[in-house]
Amino acid sequence: MVALLLVAASGAGAQSSRRWGVEVGHSYSSAKALHQPATFALSVGSSVTTDIQAGVLAGGPIWPGASLEIGLRTLTGSTRTKAEREYGAMVRGYTLIGEWVNALSGEYEADGGFDVQKGVIAAEVSPLGEMRWCLGVRCARSRLQWRPWLGVGVGNSFRGERALAEPEGHAFLRVYLRGEVSWAPRENLELNLESTGWYLSRGSAGRTNTAASLSFEVWKGFSLTAKGQVGCAPPRFGYDRSVSVGVGWVRRRDGQGAGRG
Amino acid sequence: MTRVDDAGKNWEEARVEAAVKRIVASLTPGAKPGALKRATRLEADLGWDKWYKLKVIKPIRKRLHEALEDNVVLYEVKTVGDLVKYVWSRMDEPAAAR
C-alpha cells in the first residue's frame with residue numbers, strides 16, 4: 001500500500017488592526033487543537049480512500065470590549081463510515097471576569113449521515129494563567145504549557161432514533177473537563193495535545209477523547225508530523241482511534257511557524 | 001514628546017516601553033526586561049497562550065494608569081511593540097489632558 005499524506009495547518013495573518021483572523025487546524029475546540037495540523041490523507045491500495053480531519057476558526061472583535069469566534073470542523077473521508085464521520089459548527093463569545101476567562105458557545109454536531117444531529121449550548125471557564133504552574137505560559141525549564149477548561153452544556157438531539165443518539169437522550173446535560181497541553185523542547189519541535197472527559201446525563205458512563213500531534217518544522221513552517229487520536233467524540237461518542245504520519249505546513253495567526261503574518 | 005496617563009502622570013515613549021517590558025518580563029518565566037525587543041512575539045517567542053496575554057491588563061492599569069480593552073489585547077496585540085504602541089495610543093496629548 002502506498003500512502004500519501006498531506007498535513008497542513010494554516011491561518012491567515014492578522015497583523016492589521018481591527019481585522020478578523022482565520023486559523024486552520026485539527027479542530028476549533030481549543031487553541032492547542034488548532035495548533036495541531038489539519039490532515040488530508042490519501043491511501044492508494046486495492047482502492048483509493050481519503051481521510052480528512054480539519055477545523056477552521058474565524059475570530060475577532062465585533063465592537064469595543066466584545067469579541068466573537070465562528071468555527072467549522074469535520075472528521076470525514078471515505079476511510080470512515082458514515083457513523084464515524086463528524087461535522088460541527090460553532091459560534092463562541094468570551095468575557096473576562098476577574099482572573100477568569102468565561103466562554104459561552106452554541107454548537108451544532110452531526111454524524112456523517114446526519115442521522116444524529118445535536119445542538120449544544122455550553123458555558124466554560126478557565127483561569128487566566130499562573131507562571132509558577134506553566135498554566136497558560138511556557139515554563140522556561142520544562143518547556144511545558146497547559147490550560148484546563150471546565151464546562152457544562154445543555155442540548156437536544158434534533159432528529160434520529162433515540163438509540164442513535166445514545167448515550168445521550170433527546171434532551172441532555174454534559175459536564176466536561178478539557179485539558180490543552182503543549183511541549184516544545186526545541187524551537188522547531190512541538191507536541192500539542194487536547195484531551196476531554198465528559199460526564200453525560202441519564203446515568204451513562206463518562207467518555208474521553210484525546211487528540212495529539214508531534215510536529216518537527218523543517219523549513220519555514222513545513223514540518224514532519226505524527227498525529228494520533230483515541231477515544232469517543234460527540235455526537236455519537238463511538239470509540240475510534242487513528243495514527244498518521246506525514247508532511248505538514250503550519251501558518252498561524254499568532255505568528256508561529258511560517259505564518260509571521 | 002510626552003503624553004499623560006489617566007492619573008495625570010507624564011510619560012515619554014521610551015519610559016512606557018521600559019515599563020511595559022518590565023511587566024512582560026515579570027509575567028514570563030526566565031525573562032529579563034533587557035532581553036526583550038519590540039519585535040518579541042508574546043506567543044511564539046515567550047510561550048504565552050492567547051488568554052495569558054490578558055494578564056497584562058491589571059499591571060498596566062496599576063503602573064501606567066491605562067485601561068486596556070480585552071479584545072484588542074486578545075486579537076491585535078502580538079508583540080511587545082504592539083503592546084507599547086497600544087498603551088502609548090491610550091495616553092493623552094498634554095494639551096488634550098488639560
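This is a predicted model: local features need pLDDT of at least 70, side-chain atom pairs count only at pLDDT 80 or more; totals for chains, interfaces and linings use all residues.
Trainee: In which hand does α1(B) pass α4(B), and how many residues of their contact are nonpolar and how many charged?

Mentor: The crossing of α1(B) past α4(B) is right-handed. From α1(B), the contact involves B:Glu13, B:Val16, B:Glu17, B:Val20, B:Lys21 and B:Val24, which meet B:Val80, B:Leu83, B:Val84, B:Val87 and B:Trp88 of α4(B). No polar residue is among them; the division is 8 nonpolar and 3 charged.

Trainee: How many aromatic pairs does the structure hold, and what geometry has the pair of A:Trp149 and B:Trp51?

Mentor: Over all chains there are 6 aromatic pairs. In the pair of A:Trp149 and B:Trp51, the ring centres are 5.9 Å apart and the planes stand at 80 degrees. Planes over 60 degrees apart count as edge-to-face, so this pair is edge-to-face.

Trainee: Where in the chains do A:Trp149 and B:Trp51 lie, and which residues form a cluster with ring pairs?

Mentor: The pair crosses between chains, with A:Trp149 in strand β10 (residues 144-159) of chain A and B:Trp51 in the loop between α1 and α2 (57-63) of chain B. A:Trp149 is buried at a relative accessible area of 3%, and B:Trp51 is buried at 4%. The cluster linked by ring pairs consists of A:Tyr94, A:Trp149 and B:Trp51.

Trainee: How many residues apart in sequence are the parts that A:Trp198 and A:Phe237 tie together?

Mentor: The rings of A:Trp198 and A:Phe237 have centres 5.3 Å apart and planes at 80 degrees, so they form an edge-to-face pair. Relative accessibility is 11% for A:Trp198, which counts as buried, and A:Phe237 is buried at 4%. A:Trp198 belongs to strand β12 (residues 189-200) of chain A and A:Phe237 to the loop between β14 (222-233) and β15 (238-250), so the separation in sequence is 39 residues.

Trainee: Is B:Ala18 buried, partly exposed or exposed?

Mentor: B:Ala18 lies in helix α1 of chain B. Its relative accessibility is 32%, whereas buried would require under 20% and exposed over 50%. B:Ala18 therefore counts as partly exposed.

Methods
Residues are numbered from 1 along each chain as its sequence is written. Chains are lettered from A and ligands numbered from 1 in the order in which they are written. Side-chain values use heavy atoms; hydrogens and water are left out. A crossing is left-handed if the near helix is turned anticlockwise from the far one by less than a right angle, and right-handed if clockwise. Helices (H or I, at least four residues) and strands (E, at least two) are DSSP runs, numbered from the N terminus. Contact means heavy atoms within 4.5 Å. Ala, Val, Leu, Ile, Met, Phe, Trp, Tyr, Cys and Pro count as nonpolar, Asp, Glu, Lys and Arg as charged, and the others, Gly among them, as polar. Rings of Phe, Tyr and Trp (its six-membered ring) pair if their centres lie within 6.5 Å; planes under 30 degrees apart count as stacked, over 60 as edge-to-face and the rest as tilted. Buried means under 20% relative accessible area, exposed over 50%, partly exposed in between (1.4 Å probe, protein chains only).
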